[in-house]
Amino acid sequence: MNSELLDQISHHMGANGLPYVLPIHPNLVHLTLGLFIIAIVFDFLGVFFPLEKWVFKFLGITVERSQLFDVGWYNIFAASVITFFTVGAGFFEMLLAAPPADIKSPWGMLAMPTMMWHGVGGVLLLAIIVGMTFWRGWQRYIIGLQHEREVQIPYLVVGAIIMLLLYLHGTLGAHLAADFGVHNTADKLLRMGQDLNQVLGGK
């Protein structure tokens, strides 16, 4: 009975091992990364605005310090929201993954430990990003009402550390796709000995 059910499900799977054409998780990951990085970068610009103010003036860019902080706040808030979907899609696609057992990543890890650490790391980073959002909101709506500089230096330092963690975590995800071929359409087709141009090009 179980084998029949698996056979029925497999008929609905594409070459990437998913019931849809393109994996959702990698696309949402890049959205999370972009939003978070933009948030921290613009808060850096806002904090050090007196130093780079002449640069904006030289380039003819009209910008106020509060506008830079606005970008930082709305991007970190958006990052915390979208990351729930990023992690959710990641776990769904991880449950459907069938990674090879005999290949090691450039870090010397097998596929299953890599996938486990990537999953655990995703949940931890979600919690950290949400925590950063609350911290950022507290600075904006409590501290920012009393000071022109809306963001504290420790927040920026922690943000920079988190960007490093995001890089390391993203590298694990890259190993899953590039080295283990998890939900990698082209990799799956090559392993099955099929012609990429014929299958993907529709010829």
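These legends walk through several close-up views of one protein.

The structure is a predicted model, in which local features need pLDDT of at least 70 and side-chain atom pairs count only at pLDDT 80 or more, while totals for chains, interfaces and linings use all residues. Residues are numbered from 1 along each chain as its sequence is written, and side-chain values use heavy atoms, leaving out hydrogens and water.

View 1. Read along the sequence, the pattern is α-α-α-α-α-α-α-α. Helices (H or I, at least four residues) and strands (E, at least two) are DSSP runs, numbered from the N terminus. Of the 203 residues, 37% count as buried, meaning under 20% relative accessible area with a 1.4 Å probe and protein chains only. Take the contacts (heavy atoms within 4.5 Å) between residues at least 6 apart in sequence: 72% of them join residues at least 24 apart.

**View 2. Helix H2 (residues 25–47) meets helix H4 (residues 65–95).** Their axes come within 7 Å and cross at roughly 160°. That makes H2 roughly antiparallel to H4, a label for angles over 145 degrees. Here axes are lines fitted to C-alpha atoms over the stretch in contact, and angles run from 0 to 180 degrees between N-to-C directions. The residues of this contact divide into 20 nonpolar, 8 polar and 3 charged. In this count, Ala, Val, Leu, Ile, Met, Phe, Trp, Tyr, Cys and Pro are nonpolar, Asp, Glu, Lys and Arg are charged, and the others, Gly among them, are polar.

**View 3. Helices H5 and H6 pack against each other.** Look for an angle of about 155° and axes 10 Å apart. H5 and H6 are therefore roughly antiparallel. By class, their contact has 15 nonpolar, 9 polar and 1 charged residues.

**View 4. The largest nonpolar core has 20 residues.** Such a core is a set of buried Ala, Val, Leu, Ile, Met, Phe, Trp, Tyr and Cys residues joined through side-chain atoms within 4.5 Å. Phe36, Ile76, Met132, Val151 and Tyr155 have the most contacts inside it. H2, H4, H5 (111–143) and H6 (153–178) each supply at least two of its residues. In soluble globular proteins, nonpolar side chains tend to be buried together.

**View 5. Ile76 and its neighbours come next.** Not counting residues up to four places away in sequence, Ile76 touches Phe36, Ala39, Met132, Thr133, Arg136 and Tyr155.

Terms used
Angles under 35 degrees count as roughly parallel, over 145 as roughly antiparallel, 65 to 115 as roughly perpendicular and the rest as oblique. Buried means under 20% relative accessible area, exposed over 50%, partly exposed in between (1.4 Å probe, protein chains only).
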